[in-house]
Amino acid sequence: MKTLYLDCGMGAAGDMLTAALLELLPDRNAFLAELNNIGIPDVIVTSEVSTKCGIQGTHITVKVNGEEETEEMHDHGHNHSHEHGHEHTHEHSHNHTHEHSNDAAHTHHHSGMHEIEHIVSNLRVSEKVKKDILEVYSLIAEAESNARGVPVTEIHFHEVGTMDAVTDITAVCMLIDRLSPEQILASPVHVGSGHVKCAHGILPVPAPATAYILRDVPIYGGGIKSELCTPTGAALLKHFITKFGEMPVMRTAAISYGMGKKDFTAANCVRAILGTSEDSGDTITELCCNLDDMTAEAIGFAEKLFFEAGALDVYTIPVQMKKSRPGILLSVMCHEKDKELILRLIFKHTTTLGVRENISRRYTLSRSIVSVPTKYANVRKKVAAGYGVTKEKYEFDDIAHIARENEMNLFDVSEQIKKQEN
């Protein structure tokens with residue numbers, strides 16, 4: 001199985017992840033040229049060789065209107081004339097000062113989710129990449145909302161919302177899509193220790209937004225008195241990582257180092273290891289119960305709630321129960337982290353008095369969705385790969401829409417799209 005493993009022993013920031021993943025590509029300059037031409041406003045991205053503790057890696061520089069965000073641009077005078085309902089918890093490459101000035105020579109971009117969605121919608125990237133970008137931003141917005149106690153709609157990003165951070169998140173999403181690993185694993189995350197200064201006061205490390213994003217993720221502190229993991233880095237890890245833990249047994253094809261700016265006693269970098277590992281699958285929980293006194297409508301209503309709570313699959317099987325009664329075996333498959341919530345929903349929305357639990361191993365193909373342009377409309381195509389096979393299928397709703405609009409049958413629509421692709 002094609003596996004990407006990220007060593008986060010010195011935390012993670014968006015530009016460090018970008019640099020580490022960029023090193024894994026055979027033609028880095030071509031990717032940077034593409035990134036600089038997808039429509040991120042006023043941004044130029046460059047890479048350079050960087051050495052930390054005798055290790056050579058790559059450092060990424062993002063310039064907005066010809067300027068790179070520096071510590072000097074973030075003095076300690078937060079003089080905005082309006083209030084902002086969020087923490088200042090992001091700066092690139094572990095070089096954090098968390099405050100702003102209203103210097104006319106460097107005005108920060110203050111964007112809410114609506115503005116971010118507008119920027120992303122106009123990028124010349126695939127729909128899958130756009131979806132990943134917005135999901136990463138949603139994690140950050142939810143964390144900022146929780147930290148400040150205000151609705152997500154009132155969140156205005158400062159550092160997290162500037163074009164350099166948009167670039168980091170977009171670059172990582174594009175690189176993951178380009179590398180197409182079947183699974184992405186990571187070490188426990190070193191978040192640093194001590195305190196960080198922001199416009200609202202002195203905050204503990206990890207800062208509240210970062211800590212919220214990293215719920216259910218194994219993290220640890222240490223002797224380094226600095227904020228090692230930014231909200232952007234945390235959100236990218238939370239979105240893409242399949243599992244956090246020790247590196248699996250794998251045959252290594254490439255190793256890369258994404259460097260930060262600051263120097264510590266340890267090399268300030270994210271290390272990425274790309275290779276193949278044994279197909280070990282993942283562990284899932286199956287929750288089962290027998291029902292003999294519920295209507296089909298009630299069971300269907302409950303199934304929808306299970307899926308909304310994170311169920312991987314829900315199905316029913318006709319069974320013969322006690323006293324020769326026909327009944328239904330209800331099975332709900334989920335990840336361990338979602339088990340308690342789904343258990344509560346099963347007891348609340350079904351008539352069962354008990355639930356059985358089975359632990360299983362699950363083996364899946366990696367899945368992605370690509371957009372196929374046709375003379376009728378764009379059609380989504382589901383692509384599943386792994387174990388030496390690749391399977392493709394057009395999204396039924398898209399095919400059906402074209403068939404209805406053009407008075408065609410489903411088979412003819414599919415065949416025409418296949419011929420066009422070939």
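Author: Before we start, contact here means heavy atoms within 4.5 Å. This is a predicted model, where local features need pLDDT of at least 70, side-chain atom pairs count only at pLDDT 80 or more, and totals for chains, interfaces and linings use all residues. Residues are numbered from 1 along each chain as its sequence is written, and side-chain values use heavy atoms, with hydrogens and water left out.

Reader: Thanks! Which residues is L21 in contact with, leaving aside neighbours within four places in sequence?

Author: Those partners are L4, L6, V172, L175, I176 and L179.

Reader: And which residues touch the most other members in the largest nonpolar core?

Author: L4, L6, L21 and L237 do, in a core of 66 residues. A nonpolar core is a set of buried Ala, Val, Leu, Ile, Met, Phe, Trp, Tyr and Cys residues joined through side-chain atoms within 4.5 Å; buried means under 20% relative accessible area, exposed over 50%, partly exposed in between (1.4 Å probe, protein chains only).

Reader: Nice. Which helix gives the largest share of this core?

Author: Helix α5 (residues 163–179), with 11 residues. Helices (H or I, at least four residues) and strands (E, at least two) are DSSP runs, numbered from the N terminus.

Reader: What does the second, separate core include?

Author: That core has 17 residues, among them C289, M294, C334 and L345.

Reader: Switching topic: how many helices and strands are there?

Author: The protein has 11 helices and 19 strands.

Reader: And what percentage of the residues is buried?

Author: Buried residues are 49% of the 422 in the protein.

Reader: Last one, where is Y363?

Author: Y363 sits in the loop between β16 (356–362) and β17 (366–372).
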